[in-house]
Amino acid sequence: SNQGYIGKTTFSNVTGEDQYVKISIMDKNMSYQREEYAVEISNKTDGYLVIGNGNLANEITLNLGDQTRPVLDIINNPIILAPGQTTNYFLLFDKYYDDGKTPTEMSFNLIRVFGNDEDLANEGLSSNAYVSYSMNIPLS
């Protein structure tokens, strides 16, 4: 919703990349109580990739220096990519505009790399993944 809309910040070259995934943080829309980040995520593997599905409390977090905020509503908007897929997502965080805190990085705390078994990927359990790891992307 645009209630209390403040404005938009566009990021330049704010990206995390390795052999499995490329995550680019494109911009954020700020309202009085929320920040919504537009991210483009590319699955570089020939298997399925799970970035967030609600299996863990803090799969994706926004670091505000002295605190971290979990992404909102990931259970209803899971981030699961098919082999070779690139998709844009919107990640929403609680963040009061005038709280004096500056987001410093976004953390993807449980990136899971699966084979080509879609059912296992949709379950999203780390124990079934080939690799599970985290990636931090500085926002400046």
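Modeller: Let us begin with what a strand is here, namely a DSSP run of type E with at least two residues, numbered from the N terminus. Asp27 has its place in one of these, strand S3. Please keep in mind throughout that the model is predicted.

Colleague: What makes Asp27 count as buried or exposed?

Modeller: The relative accessibility of Asp27 is 14%, and buried means under 20%, so Asp27 counts as buried. Leaving out residues up to four places away in sequence, Asp27 touches Lys8, Thr9, Thr10, Phe11, Glu36, Tyr37 and Ala38.

Colleague: How many helices and strands does the secondary structure come to, and what pattern do they follow along the sequence?

Modeller: The protein has 1 helix and 11 strands, and read along the sequence they follow β-β-β-β-β-β-β-β-β-β-α-β. The helix, H1, covers residues 118-123 and holds Ala121.

Colleague: Is Ala121 buried or exposed, and how do you know?

Modeller: Its relative accessibility is 0%, and since the limit for buried is under 20%, Ala121 counts as buried. Apart from neighbours within four places in sequence, Ala121 is in contact with Tyr48, Val50, Ile80 and Phe114. Ala121 and Gly52 are 69 residues apart in sequence, while their C-alpha atoms are 11 Å apart in space.

Colleague: Which residues touch the most other members of the largest nonpolar core?

Modeller: They are Tyr37, Ile51, Ile60 and Leu91, in a core of 28 residues. Among the elements that give two or more residues to this core are strands S3, S4, S9 and S11, and S10 gives the most, with 4 residues. Tyr37 is in contact, beyond its neighbours within four places in sequence, with residues including Phe11, Ile25, Leu62, Leu91, Met106 and Leu139. Apart from this core lies another, of 5 residues, among them Tyr48, Val50, Phe114 and Ala121.

Colleague: What makes the pair of Lys44 and Glu17 a salt bridge?

Modeller: The N to O distance between their side chains is 2.9 Å, and because the cut-off is 4 Å between a side-chain nitrogen of Lys or Arg and a carboxyl oxygen of Asp or Glu, the pair qualifies as a salt bridge. The two are 27 residues apart and link distant parts of the chain, with Lys44 in the loop between S4 and S5 and Glu17 in strand S2. Lys44, at 40% relative accessibility, counts as partly exposed, and Glu17 counts as partly exposed at 47%.

Colleague: How many salt bridges does a search of the whole structure find, and where in the chain do Arg112 and Glu59 lie?

Modeller: The search finds 7. Arg112 and Glu59 meet in a salt bridge with an N to O distance of 2.9 Å; Arg112 is in strand S10 and Glu59 in the loop between S5 and S6, 53 residues apart. Arg112 has a relative accessible area of 0% and Glu59 has one of 1%; with buried defined as under 20%, Arg112 is therefore buried, and Glu59 is buried as well.

Colleague: Why are Arg34 and Asp94 called partly exposed?

Modeller: Partly exposed is the range between under 20% for buried and over 50% for exposed; Arg34 stands at 34% relative accessibility and Asp94 at 31%, so each counts as partly exposed. Their side chains meet in a salt bridge of 2.8 Å, N to O, which links Arg34 in strand S4 with Asp94 in strand S9, 60 residues apart.

Colleague: Which residues make the nonpolar surface patch?

Modeller: Ile6, Tyr32, Tyr96 and Tyr97 make a patch of about 390 Å². Tyr96 is found in the loop between S9 and S10. A patch residue needs over 30% relative accessible area, and Tyr96, with 41%, is partly exposed.

Colleague: How do you know whether the radius of gyration agrees with that of a compact globule?

Modeller: For 140 residues the globule rule gives a value near 14 Å, and the protein has 15 Å, which agrees. The C-alpha atoms fill a box of roughly 45 × 30 × 25 Å along the principal axes. Of the 140 residues, 43% count as buried, and among contacts between residues at least 6 apart in sequence, 64% join residues at least 24 apart.

How values were computed:
Residues numbered from 1 in each chain as written. Predicted model: local features only at pLDDT ≥ 70, side-chain atom pairs only at ≥ 80, totals over all residues. Heavy atoms only, no water. Buried < 20%, exposed > 50% of the residue type's maximum accessible area, 1.4 Å probe, protein only. Contact = heavy atoms within 4.5 Å. Core = buried A, V, L, I, M, F, W, Y, C linked by side-chain atoms within 4.5 Å. Patch = residues over 30% accessible without salt bridge, like charges linked within 9 Å, V, L, I, M, F, W, Y side chains within 5 Å. Areas by Shrake-Rupley, 256 points an atom, 1.4 Å probe, with all protein chains shown as cover. Rg over C-alpha atoms; globule rule 2.2 N^0.38 Å.
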